[in-house]
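Student: I am new to this structure. Could you take me through it in short steps?

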Amino acid sequence: MADREPGSIEVEGYASIRSARVDLGRLNVLIGANGAGKSNFIRVFELLGRLVEEDPGDFVGLNGGASALLNSAGVDEIRVFLEGRPHSYEAVLEPGSNDELIFKNEVLSRSSDVVADDFDHWNISGGNRGETSLHGLDREDDVPIAAHLVDLLRGCRVYHFPDHAVRLLRVPRRVSRHGRSAIR
């Protein structure tokens, strides 16, 4: 990821996640029961990375379409808020006519280190609603935080190791006192 780590992420309306807020560090490990939403939470990061790589349609299609990604509790949008002090990014996605996700709203913010309530705020929604509006802004002087956020989002990578992958690892054998392998 970028040289600054994200502070937290809020997710609403994504798959099995009605609403969640998680503080983040450079390395994050999720542990929980089957069906708790770990994989869905991880896929939010993949979605963020795909948004900035300009291929959210592929992500949505490969994951069953917008209808499969929306929370089944009657929610009609997905909201992701990523805070990476002093910058933050919020994307609100809604279903389009072809079971794709389109941007309803996209906001960049920068808070001041001096005054807690002093912040710059850019509503960057517009243009092609199927793509992020961050591109182009990341090179403009009037929205200086866009480059940092593009770098942060581009760094969203998912490394997901299923439980059965452990069996594929080569485990060294230990020899017992009796000369037999302790692991079979």
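Student: Is Glu106 buried or exposed?

Tutor: First, some ground rules. This is a predicted model, where local features need pLDDT of at least 70, side-chain atom pairs count only at pLDDT 80 or more, and totals for chains, interfaces and linings use all residues. Residues are numbered from 1 along each chain as its sequence is written, and side-chain values use heavy atoms, with hydrogens and water left out. Buried means under 20% relative accessible area, exposed over 50%, and partly exposed in between (1.4 Å probe, protein chains only). Glu106 has 1% relative accessibility, so Glu106 is buried.

Student: Which side chain joins Glu106 in a polar contact?

Tutor: Glu106 sits in strand β5, residues 101-111. Strands (E, at least two residues) and helices (H or I, at least four) are DSSP runs, numbered from the N terminus. A polar contact is a pair of N or O atoms within 3.5 Å; within protein, one must be able to donate a hydrogen and the other to accept it, and residues adjacent in sequence count only if both atoms are side-chain atoms. At 2.6 Å, the partner of Glu106 is Tyr89.

Student: How many salt bridges does a search of the whole structure find?

Tutor: Side chains of opposite charge can pair when their charged atoms come close. A salt bridge is a side-chain nitrogen of Lys or Arg within 4 Å of a carboxyl oxygen of Asp or Glu. The search finds 7.

Student: What is the N to O distance between Arg21 and Glu10?

Tutor: Their side chains meet in a salt bridge. Arg21 lies in strand β2 and Glu10 in strand β1 (residues 8-14), so the pair ties together parts 11 residues apart in sequence. The N to O distance is 3.9 Å.

Student: How many residues apart in sequence are the parts tied together by Glu10 and Arg79?

Tutor: The side chains of Glu10 and Arg79 form a salt bridge at 3.2 Å, N to O. Glu10 is in strand β1 and Arg79 in strand β3 (residues 78-84), so the parts tied together are 69 residues apart.

Student: Is Asp23 buried or exposed?

Tutor: Asp23 forms a salt bridge with Arg21 at 2.7 Å, N to O. Arg21 is partly exposed, with 48% relative accessible area. Asp23 has 54%, so Asp23 counts as exposed.

Student: How many helices and strands are in the protein chain?

Tutor: From the N terminus, the order is β-β-α-α-α-β-β-β-β-α-α. That gives 5 helices and 6 strands.
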